[in-house]
Amino acid sequence: MGDLVHALGIQWSALMAQMVNFAILIFVLARFVYKPILKVIDERRAMVEKSVETAREIDQFKERVDQDRLVILRKADEEAGQMLEKAAQNAEALRTEIEKAAHAHAAQIMKKGMEQLDVERARVAKEMQSKLAHAIVLSAEKILRREFSKEDQESFEKELKENLPALTA
Amino acid sequence: MSKVAISLASETVAHVGGFEIRNTMLMAWLAMVALFILCACVRSTRYKLIPGRFQATVEWVISGLYDLFASIVHDDRLSRKFFPLVSTIFIFIVLGNWMGILPGVGSITIQAMHEGHMTAIPLFRSMNADVNMTLAIAISAIVAVQFFGARELGASSYSSKFIAAPWRHPMQSFVGLLEMIGEFSRIISFTFRLFGNIFAGEVLLLVISYLVPYVAPIPFLAMELFVGLIQGLVFALLTTVFLKIAVTEHEAHHDDDAPVLPAAAAA
């Protein structure tokens, strides 16, 4: 055994020194390399997971917003359609009303015009009757070659006016 | 043609008091200095959330190693506890192995007393071509396995894996003895697997360089790079497996009261 140990060069002091060296190496590497590097990798992994989670939430939120937007747009479309329909109905009603009013107004104007026309015609007829009676009296004067007195003239004209109803009919 | 000198034991290059400084120890210190410089560089990055290229590279290596070991342990809490040990084993062994094929290692010699007479000995030698180094890492790993096992399962529960009253559980007592032998055999297998591979590679490179100094050693250097990586990986992965067994195996035995299987087979 001693020969083997000697042949292999095993020496307890060297062995202990190498073990101490190795222990120091483990400590230093663990302190300055393994722990900080694993920690930073963990932190990065956590950050990436968080970012992925946030991105997923943002996607979900965007999807929800898109759905909401579609619902709102659909609703707005429906409301716009309803409003247009209502506006069309209102416009139709208003048009009908205006048309009716216009018709009524026109009828009223027509009626008023007719009345005025009647009044005017009556006035003209009356005037013509009066002028015709006067003309007839004058003509009668010339035919009879005599001059009527003021009273006769008025009496003839009155009589003629009464006997000329056809002009005013 | 000069002779090729191959020594199984590492050579002493200097004495500090009664302490012998071996050429393999110098290489281990150089590897440690390289790792300390790496630590300083990593620290200077301030561990930013948005890393630069250097930090990103270090993170890639560390997270890759962590994922590899965590895939064996299957427990994030335990993986975090085991990671500094197994990762340092991997990095230190691989770096030491790769530094062992740097130009100047083995070829720069000094005159020193070796085995009773003055001779030219290499100033630097691959650190894992020394049993002291591989044994130190193996002992550290197995001690850590026992420590984590006792810490996770409780000292009495964990020790019952090795010690049982022979008059009550004769079979379990015998199996416990085998378990204990198994733990020692793990140290030996760890030590000599790494030492054997690296020493053999060193000898191979020495012989090839002696026979055909130019071009011919290049494929063997590439192979040594690969072997160095594989040996580091094997050491670290086996340590992880032993750690995993230490913190879980014994509990299963409590459940079904089945006999404890010797872990020596795993080693």
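**Ground rules.** I number residues from 1 along each chain as written, letter chains from A and number ligands from 1 in written order. In this predicted model local features need pLDDT of at least 70, side-chain atom pairs need 80 or more, totals for chains, interfaces and linings use all residues, and side-chain values use heavy atoms, without hydrogens and water.

**Entry 1: chain B overall.** I counted elements in chain B and found seven helices and four strands. Helices here are DSSP runs of H or I with at least four residues, strands are runs of E with at least two, and both are numbered from the N terminus. The order along the sequence is β-β-α-α-α-β-β-α-α-α-α. I noted a C-alpha trace of about 70 × 55 × 40 Å along the principal axes of chain B. Chain B has 267 residues, and 45% of them count as buried. Buried means under 20% relative accessible area, exposed over 50%, and partly exposed in between (1.4 Å probe, protein chains only).

Entry 2: I looked up β1(B), residues 12-16, and β2(B), residues 19-22. The two strands run antiparallel, joined by four bridges. Strands pair if DSSP finds at least two bridges between them. Ala14(B) has Ile21(B) as its bridge partner. Two residues lie between the strands, and Gly17(B) takes a positive phi near 65° in this hairpin.

**Entry 3: Arg31(A).** I found Arg31(A) in helix α2 of chain A, residues 12-144.
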